[in-house]
Amino acid sequence: MVNDRDSWIQAIDTALSEWCQGDCVLGENWFVYRFNPQRPLTSDSADVVQEETDLAESEVRGFAVVTQTCDIVRTCNKRPFVEIVPLVEVGESQLHEIQRSRQPQYAYIPGIAELNLVADLDRVMTVEKAVVAEWERKPGCLSDDSVRALGQALTRKRARFAFPDDFTNFAKKLQNRLRDKHNKPTDEGEALRALREIRVRAEPSWSSPEIRLIFWFIRDEDQSQFKGIGWEQFLERWLQLVPESGRYQNVEGSVVALEDMTAKEYVESDPLDLDHLSS
């Protein structure tokens, strides 16, 4: 019996040695979660509420593995579990927003992007590695940059900054403008889609009685102009939506490429997204 166990432990470890964070399995799969039978919150849990169970299943298009690669390849004898998240289908415009890190509920995975599938980070399930060993692996991250971007998406989901309530109200008009114009077939909509990230910095700190705000609209390196229009024209429109008020008595902004920012400016700023501003 010991020898039998050793042999299939080795077989599982060998199968998992090819897997990396972000790799996927496609096809009909089922996401399992626990619910309160007295208060079912989803249609799937409501469907089984009469079956004397507090476990529900949702059919999904597949799964992505989100456990770090170094833990995936460690022997299942010591680390038997991996975390997986379901894949969901989105439209083209939403896929672009997710690729630009503007909807932190989801993660963009290049290997399945052609199918308009993304990882739903709101739902996480744990499975034993012996389950994954039976799956047909679909590579997810196809370059070092995509590996890095997925890691950042996973980190951001759990560690994004909670902006103060008064900033949430202060920036609402700007956020609504970005959301409303982002998918429109206009110059401004295309300009917004060309941005890779939007960040904001509070000086001296978010808890200060008076704050200087700096908005960084980070463009791609080769987008010094957009369709022959200077970025300053778009920047002026966006900053008009955040006039000085309350604690925010000095509001500035710049459209820059990453190489135009210092490391200090980047790490001391916080990303905005189109999902919502945390309260």
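Reader: How do α9 and helix α10 sit, and at what angle do their axes cross?
Author: The axes of α9 and α10 (residues 187-194) come within 8 Å and cross at roughly 105 degrees. That makes α9 roughly perpendicular to α10, a label used for angles of 65 to 115 degrees, with under 35 counting as roughly parallel, over 145 as roughly antiparallel and the rest as oblique. Axes are lines fitted to C-alpha atoms, for helices over the stretch in contact, and angles run from 0 to 180 degrees between N-to-C directions.

Reader: What kind of model is this?
Author: It is a predicted model, in which local features need pLDDT of at least 70 and side-chain atom pairs count only at pLDDT 80 or more, while totals for chains, interfaces and linings use all residues. Residues are numbered from 1 along each chain as its sequence is written, and side-chain values use heavy atoms, with hydrogens and water left out.

Reader: Which residues of α9 and α10 meet?
Author: R177, L178, K181 and H182 of α9 meet E188, G189, L192 and R193 of α10, where contact means heavy atoms within 4.5 Å. By class, this contact has two nonpolar, two polar and four charged residues.

Reader: And α10 with helix α11, at what angle do those axes cross?
Author: Roughly 95 degrees, and the axes come within 11 Å. α10 and α11 are therefore roughly perpendicular to each other. On the α10 side the contact is made by D187, E188, A191, L192 and A194, and on the α11 side by W231, F234, R237 and W238. It has six nonpolar, no polar and three charged residues.

Reader: Changing topic. Which residues of α4 are buried?
Author: In helix α4 (residues 92-99), L95, E97 and I98 are buried, meaning under 20% relative accessible area with a 1.4 Å probe, protein chains only. These residues are on the same side of α4, because they cover an arc of only 160 degrees around the axis, taken from the directions from the helix axis to the C-beta atoms.

Reader: What covers them?
Author: The cover includes β4 (106-107), α5 (110-113), β5 (117-120) and α9 (172-182).

Reader: What follows α4?
Author: S101, with a positive phi near 65 degrees.

Reader: Last one, the four-strand sheet. What is the order?
Author: β9-β8-β7-β10, an open sheet with mixed pairing. Strands pair if DSSP finds at least two bridges between them. The edge strands, each pairing on one side only, are β9 (248-257) and β10 (270-271).

Reader: How many bridges join β7 to β10?
Author: Two, and the strands run antiparallel. R199 stands opposite P271 in β10.

Conventions
Buried < 20%, exposed > 50% of the residue type's maximum accessible area, 1.4 Å probe, protein only. Nonpolar A, V, L, I, M, F, W, Y, C, P; charged D, E, K, R; others polar.
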